[in-house]
Amino acid sequence: MKLSLELSAATPPEWVRTVMSGFPAFLQDHADCERKASAMAMSFVAKYPDRVEIIPELIETALEELEHFQQVYAHMAKRQIRLAKEISQDPYIRALMDLCHTDPINRFLDRLLLASIIECRGAERFRLVCAALDSEPELKGFYHELWTSEAKHGNIFVKMAMEYFPQEKVYSRLNELNTAEGRIVQGLELRPALH
Ligand SMILES: [Fe+2]
Ligand SMILES: [Fe+2]
């Protein structure tokens with residue numbers, strides 16, 4: 001069941017070209033993103049221990065993201081690519097987090113909805129990487145699996161939000177955040193990275 005919204009701005013073809021011309025750096029960034037996605041799901045568990053309805057799914061998501069990290073790392077190790085030594089701030093994530101309300105209830109909603117949007121953007125971009133990887137069937141298959149998994153996560157976080165907020169409020173805020181995300185993506189500097 002699709003619960004997430006369509007992205008408001010498509011990733012430009014120049015992004016795919018930038019990634020393809022710096023694929024080792026892209027893999028390093030991608031590994032960091034998977035590790036951070038796992039940590040983010042567990043940070044919901046740590047921050048909202050009373051939200052018992054969503055804890056099992058958050059743990060499951062954290063495990064899946066950690067498995068993605070393990071898989072990206074295996075592809076890197078095979079190609080003698082190390083993990084990045086310095087993990088730079090992700091300008092996209094920082095700009096998104098700046099959109100969050102400060103009061104705890106609305107912040108909880110914003111964080112869930114942004115998690116959905118981040119997953120949907122990941123799915124969109126992994127699909128583009130998958131389409132561009134014609135000379136590497138193994139990696140192509142991997143990115144195909146990944147984009148379907150991230151698209152599923154995009155729906156899970158909206159479903160979680162609907163446990164606690166009326167559907168109308170969820171979709172009106174999701175729509176606002178989704179529009180803002182499109183503007184943020186269009187302003188990002190192109191680099192061989194997920195964002
Ligand atoms: Fe992932
Ligand atoms: Fe994900």
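Colleague: What radius of gyration would a compact globule with 195 residues have, and what does the protein chain have?

Modeller: The globule would have a value near 16 Å, and the protein chain has 16 Å, which agrees. The radius is taken over C-alpha atoms, and the globule rule is 2.2 Å times the number of residues to the power 0.38. Those C-alpha atoms fill a box of roughly 45 × 35 × 30 Å along the principal axes.

Colleague: Before we go on, what are the ground rules?

Modeller: This is a predicted model, where local features need pLDDT of at least 70 and side-chain atom pairs count only at pLDDT 80 or more, while totals for chains, interfaces and linings use all residues. Residues are numbered from 1 along each chain as its sequence is written, chains are lettered from A and ligands numbered from 1 in the order in which they are written, and side-chain values use heavy atoms, with hydrogens and water left out.

Colleague: What does the secondary structure of the protein chain come to?

Modeller: It comes to 7 helices and 0 strands, running α-α-α-α-α-α-α from the N terminus on. Helices (H or I, at least four residues) and strands (E, at least two) are DSSP runs, numbered from the N terminus.

Colleague: Why is Ser149 called buried?

Modeller: Buried means under 20% relative accessible area, exposed means over 50%, and partly exposed is in between (1.4 Å probe, protein chains only). Ser149 has 14% relative accessibility, so it counts as buried. Its place is in helix 6 (residues 137-164). Leaving aside neighbours within four places in sequence, Ser149 is in contact (heavy atoms within 4.5 Å) with Glu64 and His68.

Colleague: And what makes Leu66 partly exposed?

Modeller: Its relative accessible area is 43%, so Leu66 falls in the middle class. Leu66 is in helix 3 (residues 55-78). Leu66 and Arg35 are 31 residues apart in sequence, yet 6.0 Å apart in space, C-alpha to C-alpha.

Colleague: How does Gln80 count, buried or exposed?

Modeller: With 69% relative accessibility, Gln80 counts as exposed. It is found in the loop between helix 3 and helix 4 (91-97), and its phi is near 55°, a positive value in a residue other than glycine.

Colleague: Which residues coordinate the iron ion (ligand 2)?

Modeller: Glu65 (OE), Glu119 (OE), Glu119 (OE), Glu150 (OE) and His153 (ND1) do, at 1.8 to 2.7 Å. Donors are N, O and S atoms within 2.8 Å of the metal (3.2 Å for Na, K and Ca); water is not among the atoms, so sites may look incomplete. In sequence, the donor residues of this iron ion are spaced E-x53-E-x30-E-x2-H.

Colleague: Which residue coordinates both iron ions?

Modeller: Glu65 does, and the iron ion (ligand 2) and the iron ion (ligand 1) are 3.5 Å apart. Glu65 in helix 3 and Glu150 in helix 6 link distant parts of the chain, 85 residues apart. Glu65 has 1% relative accessibility, so it counts as buried; Glu150 is buried too, with a relative accessible area of 3%.

Colleague: How many disulfides does the structure hold?

Modeller: The structure holds 0. A disulfide is a pair of cysteine sulfur atoms within 2.5 Å. For Cys100, the nearest cysteine sulfur, that of Cys120, is 16 Å away, and Cys100 is in no disulfide. Cys130 is in no disulfide either, with the sulfur of Cys120 its nearest at 17 Å. Cys100 is buried, with a relative accessible area of 9%, and Cys130 counts as buried at 8%.

Colleague: How many aromatic pairs does a search of the whole structure find?

Modeller: The search finds 11. One of them is Phe108 with Phe165, which is tilted, at 6.1 Å centre to centre and 40° between the planes. Rings of Phe, Tyr and Trp (its six-membered ring) pair if their centres lie within 6.5 Å; planes under 30 degrees apart count as stacked, over 60 as edge-to-face and the rest as tilted. Phe108 lies in helix 5 (residues 104-132) and Phe165 in the loop between helix 6 and helix 7 (167-186), so the pair ties together parts that are 57 residues apart in sequence. Phe108 is buried at 0%.

Colleague: What makes the charged end of Arg125 sit over a ring?

Modeller: The rule asks for NZ of Lys or CZ of Arg within 6 Å of the ring centre and within 35 degrees of the ring normal. The charged end of Arg125 sits over the ring of Trp15, 4.5 Å from its centre. Likewise, the charged end of Arg111 sits over the ring of Phe44 at 4.9 Å.
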